[in-house]
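Could you take a look at this one with me? I have put my notes in numbered points so that you can check each against the coordinates.

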Amino acid sequence: MAGVRWVACSVAELPPGEVVRVDRPELGAPVSVFNVDGELFAIDDTCTHAEESLADGWVEDCAVECPRHASAFDLRTGEPSGPPAIRPVRTHRVEVVDGDVVVEVGTPPAP
């Protein structure tokens, strides 16, 4: 899946504080794109502990909390804050191209 690029939505459709979840067969797994105070982050959508959609979770600072068991994942790194989740979620490169939010699945964000 590395290097698969796709348009998640337009920038206008993803204002600060919102999330877009995309589930397409070519992605291999659902991906969610979060707008945190104007900064965009893309991660695999499914909690590594409970198979729950992270797009349904709560975002605070730069982390999303799983709605089932309260594990939080850093949107920058995918790392969990602690149990019950112990495995990170994948993060993906996201950029704005001509007014569209473009995600490159399997390609880590630039440092």
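1. Ground rules. This is a predicted model, in which local features need pLDDT of at least 70, side-chain atom pairs count only at pLDDT 80 or more, and totals for chains, interfaces and linings use all residues. Residues are numbered from 1 along each chain as its sequence is written, and side-chain values use heavy atoms, with hydrogens and water left out.

2. Strands here are DSSP runs (E, at least two residues), numbered from the N terminus, and two of them pair if DSSP finds at least two bridges between them.

3. Strand 9 and its partners. Strand 9 (residues 100-105) is joined to strand 8 (residues 91-97) by five bridges, and the two run antiparallel. Within this pair, E95 faces V102, and V97 has D100 as its bridge partner. The two strands make a hairpin with two residues between them, and D98 in that turn has a positive phi of about 50°. Strand 9 also pairs with strand 1, again antiparallel, over six bridges; here V4 stands opposite V105. Because five of its six residues are buried, strand 9 is largely enclosed by the rest of the structure. Buried means under 20% relative accessible area, exposed over 50%, and partly exposed in between, with a 1.4 Å probe and protein chains only.

4. Strand 4 and its partners. Strand 4 is mostly covered as well, with five of its six residues buried. Six bridges pair it with strand 3 in the antiparallel sense, and N35 stands opposite L40 there. This pair is also a hairpin with two residues between the strands, and D37 in the turn has a positive phi of about 55°. Strand 4 pairs with strand 8 over two bridges, antiparallel too, and I43 has T91 as its bridge partner in strand 8.

5. Strands in the order 5-6-7 form an open sheet with antiparallel pairing. Strand 5 (58-60) and strand 7 (72-74) are at the edges with a single partner strand each, so one side of each is left without a neighbour in the sheet. The twist from one strand to the next averages 25°. Three bridges link strand 5 to strand 6 (residues 63-65), and E60 stands opposite A63.

6. The nonpolar cores. In soluble globular proteins, nonpolar side chains tend to be buried together. A nonpolar core is a set of buried Ala, Val, Leu, Ile, Met, Phe, Trp, Tyr and Cys residues joined through side-chain atoms within 4.5 Å. The largest one has 15 residues, of which W6, A8, L14, V33, V94, V101 and V103 touch the most other members. Strand 1, strand 2, strand 3 (31-36), strand 4 (39-44) and strand 9 each give two or more residues to this core. A second, separate core has 14 residues, including F34, C62, C66 and L75. Back in the largest core, V103 has contacts (heavy atoms within 4.5 Å) beyond four places in sequence that include V4, W6, A8, V33 and V94.

7. H92, buried or exposed? H92, found in strand 8, counts as buried because its relative accessibility is 1%. Its side chain makes a polar contact of 2.7 Å with that of D44; such a contact is a pair of N or O atoms within 3.5 Å, and within protein one must be able to donate a hydrogen and the other to accept it, while residues adjacent in sequence count only if both atoms are side-chain atoms. Not counting residues up to four places away, H92 touches V103, E104 and V105, among others.

8. P16, for contrast. P16 lies in the loop between strand 1 and strand 2 and counts as exposed because its relative accessibility is 55%. Its C-alpha atom is separated by 5.1 Å from that of D37, 21 residues apart along the chain. Leaving aside residues up to four places away in sequence, P16 touches N35, D37 and G38.

Technical notes:
Helices (H or I, at least four residues) and strands (E, at least two) are DSSP runs, numbered from the N terminus. Axes are lines fitted to C-alpha atoms, for helices over the stretch in contact, and angles run from 0 to 180 degrees between N-to-C directions.
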